Amino acid sequence: MTTPPPQGQNPFAQGQQPAGQPQGQAPYPPQPGFPQQGMAPVPPQQPSRRPKFKTIKNVIIVAAVAVAAVVGYIASQDDADHANVGDCLKSASSSSDRMEVVDCKSSDAEAKVLKKIKGHYTQFTAESECRKVDDATSFYAETGDGEEFLLCLSDV
């Protein structure tokens, strides 16, 4: 059995060492990750270089949006708003009233642009404007968002 320390003395008080401990040495062995008095601090562990799932997902989303924008831009280059006099057009689809530019030698060509007029046209004003153009048999007017124009057309 050990004897208690003399009354009023604390062996763990600062500046005093418990009996049996050499002077200047810590009473407990050093713990990993905690700096000891008089020693340099342990540097933190380097972060992992592996990309995280969130980063990979964001890169894929940005790439997909960029590809969609480029494809959309390229696809819109043959829309009717890029048609010039002498170009040929076809219906974009059977369920759409939109037109797109095609090669005049193509079997898809339905009409040839005789005149392009910028501005807003109703059904009545477009028809009367294209009647003034020789050989015009139909018209295509685009109104609404973006550029508004009228194309006076002839059969191919």
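Ile74 lies in helix H1 (residues 53-76), where helices (H or I, at least four residues) and strands (E, at least two) are DSSP runs numbered from the N terminus. The model is a predicted one, in which local features need pLDDT of at least 70 and side-chain atom pairs count only at pLDDT 80 or more, while totals for chains, interfaces and linings use all residues. Residues are numbered from 1 along each chain as its sequence is written, and side-chain values use heavy atoms, with hydrogens and water left out.

Ile74 has a relative accessible area of 57% and is therefore exposed; the classes are buried for under 20% relative accessible area, exposed for over 50%, and partly exposed in between (1.4 Å probe, protein chains only). Together with Val70 and Tyr73, Ile74 forms a nonpolar surface patch with about 340 Å² of accessible area. Patches are made of residues with over 30% relative accessible area and no salt bridge, like charges being joined within 9 Å and nonpolar side chains (Val, Leu, Ile, Met, Phe, Trp, Tyr) within 5 Å. A salt bridge is a side-chain nitrogen of Lys or Arg within 4 Å of a carboxyl oxygen of Asp or Glu. Accessible areas come from the Shrake-Rupley method with a 1.4 Å probe, and for residues only the protein chains shown count as cover.

The protein contains two helices and five strands, which follow the pattern α-β-β-β-α-β-β along the sequence. Of its 156 residues, 15% count as buried. The accessible surface comes to about 12500 Å², and carbon and sulfur atoms account for 56% of it. Among contacts (heavy atoms within 4.5 Å) between residues at least 6 apart in sequence, 40% join residues at least 24 apart.

The five strands form an open sheet with antiparallel pairing in the order S2-S1-S3-S5-S4; two strands pair if DSSP finds at least two bridges between them. Strand S2 (99-102) and S4 are the edge strands, each pairing on one side only. Neighbouring strands of this sheet are turned by 45 degrees against each other on average, direction ignored. For such angles, axes are lines fitted to C-alpha atoms, for helices over the stretch in contact, and angles run from 0 to 180 degrees between N-to-C directions.

Strand S5 (residues 149-155) is largely enclosed by the rest of the structure, because six of its seven residues are buried. Strand S3 (residues 111-118) runs antiparallel to S5 and is joined to it by seven bridges. In this pairing, Val113 has Leu153 of S5 as its bridge partner. Strand S4 (residues 138-142) also pairs with S5 in the antiparallel sense, over five bridges, and here Tyr140 is partnered by Leu151 of S5. S4 and S5 form a hairpin with six residues between them, and Gly144 in the turn has a positive phi of about 105 degrees.

Two lysines of the sheet fall into opposite accessibility classes. Lys118, in strand S3, has 64% relative accessibility and so counts as exposed. Lys118 stands opposite Phe149 in S5. Leaving aside residues up to four places away in sequence, Lys118 touches Glu147, Glu148 and Phe149. The C-alpha atoms of Lys118 and Leu151 are separated by 8.8 Å, the two residues being 33 apart along the chain. Lys90, in strand S1 (residues 88-91), counts as buried because its relative accessibility is 18%.
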